[in-house]
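Here are my notes on the charged side-chain pairs. Please read them with the model open.

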Amino acid sequence: MTQDKETVRRKILTEAARRRLLLNPEALSMLVENYDENSFQSLLDKLAGTVGEQKGSLVVSGEMVARFISGQVKSEASTGVHPQVLAKEVEEKVEVLKSYEAKPFSDDLEARKQYFVDRYLKISSILRSRADLSPYYPLRKARSLPDGSEGKTIVMLYEKHENYLVVEDPETTVKIMIPKDCSRDLREKIDRLVPDSVIGVAFRVSGSKLFCRSLIFPDVPIKKARVAEEDVSVLMTSDIHFGSQKFSEKAFRRMIRWLRGGGLGERERNQAFKIKYIVIAGDLVDGVGVYPQQEKELQVKDVEKQYEMLLEILSQIPEYIRIIIIPGNHDAAPRALPQPPIFREYMKRMEASRNLLSLSNPCMVSLHGVRFLIYHGTSMEDIATFSKNASYDKPDNSMELMLQFRHLAPVYGSRTPLLTQGPDELVVEEVPDVFHTGHVHVFRSRVYKGIRLVNSGTWQERTKYQEQMGIMPTPNIAGILELKTGNFSEISFA
Ligand SMILES: [Fe+2]
Ligand SMILES: [Fe+2]
């Protein structure tokens, strides 16, 4: 039913006053001219959100109204639905492709040997499928070839020295010399090597010694990442460290408010309405007794309480959003990788009432057909120690190395505890579309060979330990991946 202009004018003024909006004459006349019974309330809501952010000013100009009207017309015409209801109306499509349950721990020597043979065989098979390794010789045979022979082999690195590598295969251990005049490419690859990684070696025999000619990394093929049919997004985050005195509660709550449609600008709010999934890649809480004298830096000193209070905050996230969590080294789960899901006793309350999916570290999940490899990233410390190409402030370089070695935590016996029995579950057998880690508290994202790498930062301000280590965290940023387009963006809640 058409309403006369005076009625419309009064209606708009009443609703604007309710939202504490002062419309200047131009703004009012534009709202009257473009009046639509079905959408004018939400238009005023959006205006209220924007002026509310502009340092308390409540005056709405004609220019602001024009911006909103043109934006709204455009988005409604292109999607055919109001953006606010998008993720809510899309059916969830989650498939857990890999998640590990707890295994009893034992330090059996034979089991450990088998574990490394399993790693060697799995990565060998990847290498053979990706590179020409002929003429191939196992190490024992390679050693006895006549001078001048050339060939290729597959080894696990035992030690890296300036002039030689000590390498092994399931039969024997051998020294491979690095020629003094080796190419730049070979030197760069040697610099990247970390112990216990499995690689191909092209060699030449000279003076009864093996000399390295080149190294072949298993690596990942260049691929086109899968995209979804549905226009929904995934929010990627990690390292909340709830319970720490340095937990950035204000920023975290600001993010939750935004997920509920409040705060920030129009563009960000429209992004929020598309979010169907939240992935938290470990270190949900700060834990208790994770490092010496941690209690001095804790706000909440009981781990059960930490989870309870965090889950209370998470329960304010709209119910149509599925939350996927994995443990990190601060969480209540066995430390050795793969870590099974966070102990059920802490999650029960949330699982009963909420859309929470608690998985292992690492795990592989398909969201609308897009495959996510989710891993906390503890091994980045070891990789940064041994590889010249990696450092704490560039976690994306460590992630790239993990893909090049096709292993999430190659180094054994250093800082990252590994569960060395049964098959090696940390080999990257299936190439993901998205590789998501955390742990080093630095937000970085880029694409490597078609795979979206995301290290999702933290919600903890700089700690004393990080000050001592010279680590500068980048807290309060969330990453957002649009599954339909593959577009990635970040929002700061600082
Ligand atoms: Fe962390
Ligand atoms: Fe961590």
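**Notes on the salt bridges**

1. Start with Glu430. At 30% relative accessibility, Glu430 is partly exposed. The class applies because the value falls between the 20% and 50% cut-offs. Keep in mind that this is a predicted model.

2. Glu430 has a charged partner. Its salt bridge is with Arg371, and the closest N and O atoms are 2.0 Å apart. The pair links distant parts of the chain, 59 residues apart. Glu430 sits in the loop between α14 (395-405) and β15 (434-437), while Arg371 belongs to strand β14 (residues 370-374). Arg371 is also partly exposed, with a relative accessible area of 23%.

3. Then there is a network. Asp396, Glu400, Arg444 and Arg446 are joined into one network by salt bridges that share partners.

4. How many salt bridges does the structure hold? The total is 23 salt bridges.

5. Another of these pairs is Glu171 with Arg140, at 3.9 Å between the closest N and O atoms. Glu171 is partly exposed at 48% relative accessibility. Arg140 is partly exposed too, its relative accessible area being 45%.

6. Last, take Arg267 and Glu268. Their side chains meet in a salt bridge, 3.8 Å from N to O. Is Arg267 buried or exposed? Arg267 counts as exposed, at 55% relative accessibility. That class follows because exposed means over 50%.

Terms used. Residues are numbered from 1 along each chain as its sequence is written. Chains are lettered from A and ligands numbered from 1 in the order in which they are written. This is a predicted model: local features need pLDDT of at least 70, side-chain atom pairs count only at pLDDT 80 or more; totals for chains, interfaces and linings use all residues. Side-chain values use heavy atoms; hydrogens and water are left out. A salt bridge is a side-chain nitrogen of Lys or Arg within 4 Å of a carboxyl oxygen of Asp or Glu. Buried means under 20% relative accessible area, exposed over 50%, partly exposed in between (1.4 Å probe, protein chains only). Helices (H or I, at least four residues) and strands (E, at least two) are DSSP runs, numbered from the N terminus.
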